[in-house]
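Visitor: Could you take me closely through one part of this chain, and then connect that part to what lies around other helices? I would like the cut-offs behind each term as you go.

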Amino acid sequence: MVYLELRTTPRLIKQAAIIKEAYVQLVLSTISIFKSSTMVTKLILSIDRRNSEEEAFEVVDLALRYRDQGVVGVDLCGDPTKGNVDIFRSAFAKARKNGLKTTIHFAEAHQSSSEHELLTLLSFEPDRIGHVIHVPDAIKEVIIKRKLGLELCLSCNVKFKMTTGSFSDHHFMYWKGTGCPITLCVRISWELMTKR
C-alpha cells in the first residue's frame, strides 16, 4: 500500500466565486474520485506565513471540519521572509489539542533561521518539520534529541537553489545519520501541472 499526502492552502478564488471551504471540498472530492486499492491519499491544509491569526484559525477549523473526509493535519508554509510566526502559536495549539498532526516549513532560508524563530516554531511541538536547511548546530541537537520527523524535498531544494551544489551535496546525507525519521517529498506546483 502506498501512502500519499497532498497539501494545499485553502484559497478564496473571487473570480470563480469559490470560498475557502468550497476550495477544500473541491480538493477532497477530486481525491475521492481517484480512490485506489493500492494508494491511500490524505490532505494537509496549509497556513501561509502571510496570513493573520484569524486566517490561521480558519484553516485549523476547516481541517477539523473535514477530518473525517481525509484531512490529517495542518502545515505552516509560505515565503520564509514574510510574517511573524509568533501569531500562529494558538492556532497550532488548537490543532494539536484536537488530534490533528502538524508540520512546519523550517529553516528553509537564511532569513527565517534566526534562533528566536526556530525556537518559536519548535515550541509549537510539530510532529514534523520540512526543509531543515539552515539550522544552527544548537537547534540540530534539539531536533535530534526529540527525534522529530523530517520532510526533505530534494527536488525543490536543488532546483530552486535553496541549497548549494547538486543532489549528492544535499543535507539529506547529514540528516539520515541522525536517527530522525525522514520522509522524502516532491514539490509539484500548480503552474507546472497546468503547463501544456
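Guide: Leaving aside the neighbours within four places in sequence, Ile 18 is in contact with Arg 11, Leu 12, Ile 13 and Tyr 23, where contact means heavy atoms within 4.5 Å. This is a predicted model, in which local features need pLDDT of at least 70 and side-chain atom pairs count only at pLDDT 80 or more, while totals for chains, interfaces and linings use all residues. Residues are numbered from 1 along each chain as its sequence is written, and side-chain values use heavy atoms, with hydrogens and water left out.

Ile 18 sits in the loop between strand E1 (2-8) and helix H1 (20-33); helices (H or I, at least four residues) and strands (E, at least two) are DSSP runs numbered from the N terminus. With a relative accessible area of 21%, Ile 18 is partly exposed, since buried means under 20%, exposed over 50% and partly exposed in between, for a 1.4 Å probe and protein chains only. Across the chain, buried residues make up 43% of the 196 residues.

Turning to helix H4 (115-123), its buried residues are Glu 117, Leu 118, Thr 120, Leu 121 and Leu 122, and these pack against strand E3 (71-77), H3, strand E4 (101-106) and H5. H4 and helix H5 (residues 137-146) pack at about 15 degrees with axes 11 Å apart, the axes being lines fitted to C-alpha atoms over the stretch in contact and the angles running from 0 to 180 degrees between N-to-C directions. The two helices, H4 and H5, are therefore roughly parallel, a label given to angles under 35 degrees, whereas those over 145 are roughly antiparallel, 65 to 115 roughly perpendicular and the rest oblique. Glu 115, Leu 118, Leu 119 and Leu 122 of H4 make this contact with Ile 139, Val 142, Ile 143 and Arg 146 of H5.

Just after H4, Glu 125 takes a positive phi of about 55 degrees. The structure also holds 1 aromatic pair, in which Phe 92 and Phe 124 are stacked, 5.4 Å centre to centre with 20 degrees between the planes; rings of Phe, Tyr and Trp (its six-membered ring) pair if their centres lie within 6.5 Å, and planes under 30 degrees apart count as stacked, over 60 as edge-to-face and the rest as tilted. This pair links distant parts of the chain, Phe 92 in helix H3 (residues 89-97) and Phe 124 in the loop between H4 and strand E5 (128-131), 32 residues apart. Both Phe 92 and Phe 124 are buried.
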